[in-house]
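This report describes a single protein chain for a reader who has the sequence and coordinates at hand.

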Amino acid sequence: MSKQTLMVAGITVNVFSLSTPDTESSATAEGANQKPVAILFLLHGRTSRADHVELVAKAILDEVYAKRKSEEGKAETHDLLVVTFDHRNHGSRLVDEKANMAWSDSRRNDRHAIDMYAIQTGTAQDVSFLIDFLPSYLFPNGERVISQWLVSGISLGGHSTWITLKIDPRVKLGIPIIGCPDYLTLIRSRAEQSSIPIGPPYFPDSFMVYLKRNDPAATPHTAADAENPFRGKKILVLCGQEDTLVPWSASKQFVEELDVGEQEGGLKTVVVEPGVGHTCSPGMVKEAVRFLWRNALTSI
C-alpha cells in the first residue's frame, strides 16, 4: 500500500492505493492502464483521527489485492483509491477537545447533541467539497478519470456516511459502519441515560428545527420517486448486535423502511454481526470489500 498526502484548502488529505497515483498516471500515459478510478472516502469516529483508520484502509486494499490476484480479478473494471482526512475539530484540525466529549464524559459537554451533529454534518460537507476539488489535485493533467465516488465511515463517520448519501447525488454507494441515520432516536436515548431533558439549552429550538428538516430520517426515504435522495444508491449497513453505544435498534426502523429503488439500480444490504459491539470488526471489513467488489470495482 502506498500513501500520498495532499493539502486541499487547509485540509490534509491522505490517499491510499495499491500503487501511487503518479505511477498509475504514468502507466495510463503509456496505454498500460486505462481503468477508471473509484474513490472511497473512509471516515473516522468521534475523538479519533485520520491516522487511526489507516489500518482499516490497508485491510480494505489488502482484500481488494487478494481478489485482484484471484480468478475474480478478471472482472475488475476500476482501480480503488481510499481517502482519509481529519473531521472538523479532530486530529490536525482540533480546536476545542471538550467539544468532542459527551454528557457522560468526565469533562462533561453540555452541547454534546449540537456539537456531534455539527461535526458529522461538516464532515459530509467536506466530502462534497473534496469531490469538487480532489480530481484537480490528484490528476492535474487529466491522467485518470474518476468515475465513482464512494463513502464509508465508522461510528461518527458512519453517521456522516448517511448524511453524505443524502446530500450528494454524486455519491452512489455508501457503507455506514456502526453508524445511525436517525439522529434524534439515537441522541434521545443517550440524553435519557444522562438525565438530560430534550429541550433548551441542550436541544435548542433552532437545532430541533434544523434536525427535523435536514436529518436523513427527515427525508422522504420511503418515497418511490425523485424526492427520495437514496433512490438508485447502493448501501451496505454494518452493525454489531451487541453495540450499546450506537445500537441497531436506533437505525432499524429507518433502514427497514428505506426505499433505494431497486428498479433504478439501488441495493440495500444489512448485516448485523452477532457477538460484536461498537467496533469495526474484521468481518465487517470483509463484508465491505465484498460489497465494493461486486457493486463498484467489477463487472460481476
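## The sheet

An open sheet is formed by 8 strands in the order β1-β2-β4-β3-β5-β6-β7-β8, and the pairing is mixed. Its edge strands are β1 (2–8) and β8 (267–273), each of which pairs on one side only. Neighbouring strands are turned against each other by 20 degrees on average, with direction ignored. Two strands pair if DSSP finds at least two bridges between them. Strands (E, at least two residues) and helices (H or I, at least four) are DSSP runs numbered from the N terminus.

The model is predicted; local features require pLDDT of at least 70 and side-chain atom pairs count only at pLDDT 80 or more, while totals for chains, interfaces and linings use all residues. Residues are numbered from 1 along each chain as its sequence is written, and side-chain values use heavy atoms, with hydrogens and water left out.

Strand β1 pairs with β2 (residues 11–17) in the antiparallel sense over 7 bridges. Within this pairing, Gln4 has Val15 in β2 as its bridge partner. Helix α3 (residues 112–138) packs on the sheet and touches β1, β2, β3 (37–43), β4 (79–85), β5 (146–154) and β6 (171–177). Contact here means heavy atoms within 4.5 Å. The direction of α3 makes about 105 degrees with that of β1. Axes are lines fitted to C-alpha atoms, for helices over the stretch in contact, and angles run from 0 to 180 degrees between N-to-C directions.

The loop between β1 and β2 contains Ala9. Ala9 has a positive phi of about 50 degrees although it is not a glycine. With a relative accessible area of 62%, Ala9 is exposed. Buried means under 20% relative accessible area, exposed over 50%, and partly exposed in between (1.4 Å probe, protein chains only).

Strand β7 runs parallel to β6, to which 3 bridges join it. In this pairing Gly174 stands opposite Ile235 in β7. Strands β7 and β8 also run parallel, joined by 7 bridges. Lys234 has Leu267 in β8 as its bridge partner, and Val237 stands opposite Val270 in β8.

From β7 the chain crosses through helix α7 (residues 248–257) to β8, and this β-α-β crossover is right-handed. The term applies if, with the strands pointing away from the viewer, the path from the first strand over the helix to the second runs clockwise.

The axes of α8 and helix α2 (residues 54–69) come within 10 Å and cross at roughly 55 degrees. The two helices are therefore oblique to each other; angles under 35 degrees count as roughly parallel, over 145 as roughly antiparallel, 65 to 115 as roughly perpendicular and the rest as oblique. Their crossing is right-handed, a term used if the near helix is turned clockwise from the far one by less than a right angle, and left-handed if anticlockwise. Residues on the α2 side of the contact include Val56, Ile60 and Val64, and those on the α8 side include Val285, Val289 and Trp293.

## Backbone exceptions and the chain end

Most residues other than glycine have a negative phi, and most peptide bonds are trans. Asn89, in the loop between β4 and α3, has a positive phi near 60 degrees. Asn89 counts as buried, at 13% relative accessibility. The peptide bond from Pro200 to Pro201 is cis, with omega near 0 degrees. Pro201 lies in the loop between α5 (183–193) and α6 (205–214).

Ser299 belongs to the segment after α8 and is exposed, with a relative accessible area of 55%. Not counting residues up to four places away in sequence, Ser299 touches Ala75 and Thr77. Ser299 and Ile177 are 122 residues apart in sequence and 25 Å apart in space, C-alpha to C-alpha.
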